[in-house]
Amino acid sequence: MKSFWSILFTAVLFFSIAPSGLAAEEPANPKQDGGIGDTENFLDEEPGITAKNAKVNQILYPLFSTPSITKKGTAMTVKVDTQGKTADNWSVKLTPTNHSPLSSEYELPVKNTAPGSSHWKKSVSIQDVTVEIPAEVPEQLYDLEVSYTADGKQITDRQPHSVKAVDEFKKDFTFFHVTDTHVGSPRNLADGISSVSIARSKETGMWHPDKDKRWLYLQKTISEVNLAKPDFVVITGDLMFGQLNPLEYVYEYKETYEVLQKLNVPVFLVPGNHDYYAQDATLTDGAKYWENYFGPQYFSFDYGPYAHFIGYNSFDWNKINRSGSGTVLVPTWGGQIRNEQLDWIKNDLAQNAEKSDDSQIRGLFSHHNPLWRDRDLWPQTDHDVQRYWEQYDEQHDPQKLTTLALGMKLGIKYDQQWHGEGAQELVDVMEQYEVDTSLHGHTHEDNITEQNGILYATTTAIELSGKPYAGFRNFTVQDGLLKDYIYEGEHSSIPIYENGDITTRTMSYEASYEEANDGQAESQQVTLTNRLKKPMTVSVPVYMKEGTYQVSAGKTVQNYSADGKQYLEVKRTIPAGTTETITIQK
């Protein structure tokens with residue numbers, strides 16, 4: 001969350017130079033959608049209102065936002081809400097993602113079905129469908145398709161990018177922390193008069209009618225993440241902007257959902273304040289949108305026996321407190337966690353402690369950092385601050401309108417970090433269960449703080465307002481220890497652009513293919529460029545015509561044929577500031 005005046009400046013800038021795509025007709029080019037596309041307006045619990053285009057329907061787990069990473073030859077439980085109907089004749093299969101030119105599908109044997117439940121979805125018709133990932137399934141990320149019959153009809157539901165089949169869980173593994181992507185944010189264009197530039201405008205591609213030229217800063221981030229191919233990614237909220245007009249979530253949720261599917265690794269998502277405002281002028285409640293597009297606001301996952309992570313919603317406020325007026329003015333943007341969610345986290349950590357050992361990495365991630373609390377940061381010498389906390393303590397769930405107004409005034413003056421309840425309780429429970437790391441965003445700045453054995457890592461924004469530059473953080477786990485999470489200095493993350501300079505429009509590292517990487521070529525050259533100040537290990541996916549191939553450099557970690565094509569994955573560490581070429585030929 002940046003300052004009010006920065007948002008106001010960029011909002012004025014946005015509306016003065018907004019692209020014609022905002023009102024464009026449907027173009028003939030299939031790569032274009034004319035700017036802002038069509039979507040559904042998810043209303044907040046109005047009688048008779050249904051969200052026809054909801055992305056979360058029958059499948060409740062695994063989801064795009066909460067995928068399953070499952071070892072081949074073992075069981076996976078799929079949670080399905082049959083929505084009050086009796087289900088039979090189950091079929092569950094893995095299908096290729098939008099990244100793959102392959103078409104092979106893999107049927108997953110159904111071992112058992114039983115009544116189930118969900119911590120986030122209230123339903124009496126949830127079924128736990130236990131399936132097995134066959135050993136012959138290639139190690140890849142897949143879409144999940146579930147079909148069954150109910151009342152004489154076949155019901156089919158799909159979740160993209162929701163299952164990663166792995167040969168083995170790795171004791172030494174990698175994960176990335178990404179945050180504050182802010183699709184639709186005018187701050188990408190500029191966050192002050194001095195930052196206005198043609199390069200920044202092009203990298204933003206603000207609602208460009210050609211989707212390939214839209215949000216280039218985020219598309220380049222995704223390309224870098226995919227090339228590094230970590231074992232998973234956590235994204236800690238503020239996926240979009242949601243603060244310009246009361247209809248903003250109508251198109252920003254759809255756009256964000258689609259662009260994030262360019263990621264080709266398992267990704268775990270939690271909301272930030274910009275994803276969760278209640279813009280009540282048209283009843284567009286961000287909480288409702290999140291559930292329809294991404295599902296739960298808090299959850300946990302395991303990476304085999306080697307890691308346990310909890311993602312939680314740190315913008316856990318009463319709807320009145322997170323209300324907006326459909327403009328840049330919102331009363332609350334700081335963090336809070338309430339008892340229901342806090343109790344769930346305590347129970348989850350307690351259950352994990354019963355089955356894990358000391359070598360396991362334990363982490364929590366959310367948008368706001370619980371160390372940085374407004375009660376500590378706002379100066380007590382300010383009489384308005386004193387008056388605000390007195391009013392807040394009298395009533396805060398929800399706050400009175402007068403309290404909210406004063407809180408907004410002080411937030412504009414001092415900003416809002418962790419603004420409400422639950423911070424110390426959360427820190428206490430993390431220390432009790434020996435959590436290793438706590439990952440956050442919100443400030444758009446890098447910070448590393450170690451306190452009582454916990455590494456608190458706040459990462460700069462992907463949005464171009466990030467300081468000192470836009471970037472993301474990589475973590476390596478070796479022998480049960482977190483390493484490599486500082487790019488240089490004491491706090492910094494990896495820059496998206498070379499030396500953090502957006503004006504160059506040049507990525508920090510990339511791969512370019514001489515031929516189309518679609519499985520039609522019989523020879524290929526891939527040029528790898530690392531402009532970082534440190535070595536970078538990358539995994540290069542190559543699709544060729546079916547056959548036997550030689551690779552000139554790197555380690556071939558996957559090599560299999562399917563659908564008349566040959567897939568090879570080549571792992572290579574590129575030294576700092578160098579360019580290498582890998583040749584693949586028969």
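In this predicted model, helix 8 covers residues 383-394 and has 12 residues. From its first C-alpha to its last, helix 8 reaches 17 Å, close to the 16 Å expected at 1.5 Å a residue. The buried residues of helix 8 are Asp384, Val385, Tyr388, Trp389 and Tyr392. Seen down the helix axis, these buried residues fall within an arc of 130 degrees, so they line one face of helix 8. That set packs against helix 7 (374-377) and helix 9 (401-414). On the other side of helix 8, His383, Glu390 and Glu394 are exposed. At the start of helix 8, aspartate 382 brings a side-chain oxygen to within 2.8 Å of the backbone nitrogen of aspartate 384.

Glutamine 417 lies in the loop between helix 9 and helix 10 (423-432). Its relative accessibility is 14%, which is under the 20% limit, and glutamine 417 therefore counts as buried. Apart from neighbours within four places in sequence, glutamine 417 is in contact with Gly334, Gly335, His368, Trp372, Asp374, Leu377, His442 and Thr443.

An open sheet is formed by six strands in the order 15-16-18-19-21-20, with mixed pairing. Strand 15 (299-303) and strand 20 (447-451) are the edge strands, each pairing on one side only. On average, neighbouring strands of this sheet are turned by 15 degrees against each other, direction ignored.

Within the sheet, strand 16 and strand 18 run parallel, and histidine 308 stands opposite arginine 362 in strand 18. Helix 6 (residues 339-355) lies across strand 15, strand 16 and strand 18, and runs at about 175 degrees to strand 16. Helix 10 also packs on the sheet, where it touches strand 18, strand 19 (437-440) and strand 21 (454-458). The direction of helix 10 makes about 130 degrees with that of strand 21.

Strand 31 pairs in the antiparallel sense with strand 26 and also runs antiparallel to strand 28. Threonine 581 in strand 31 is the bridge partner of threonine 527, while glutamine 585 in strand 31 is that of glutamine 550. The strand pairs are listed below.

| Strand | Partner strand | Sense | Bridges |
|---|---|---|---|
| Strand 16 (residues 307-311) | Strand 18 (residues 361-365) | parallel | five bridges |
| Strand 26 (residues 523-530) | Strand 31 (residues 578-585) | antiparallel | eight bridges |
| Strand 28 (residues 550-551) | Strand 31 | antiparallel | two bridges |

Key. Residues numbered from 1 in each chain as written. Predicted model: local features only at pLDDT ≥ 70, side-chain atom pairs only at ≥ 80, totals over all residues. Heavy atoms only, no water. Helix = DSSP H or I, 4+ residues; strand = E, 2+ residues; numbered from the N terminus. Expected span 1.5 Å × (residues − 1). Buried < 20%, exposed > 50% of the residue type's maximum accessible area, 1.4 Å probe, protein only. Arc of directions from axis to C-beta. Contact = heavy atoms within 4.5 Å. Polar contact = N/O pair within 3.5 Å; in protein donor to acceptor, adjacent residues only side chain to side chain. Pairing = 2+ DSSP bridges. Axes fitted to C-alpha atoms, helices over the stretch in contact; angles between N-to-C directions.
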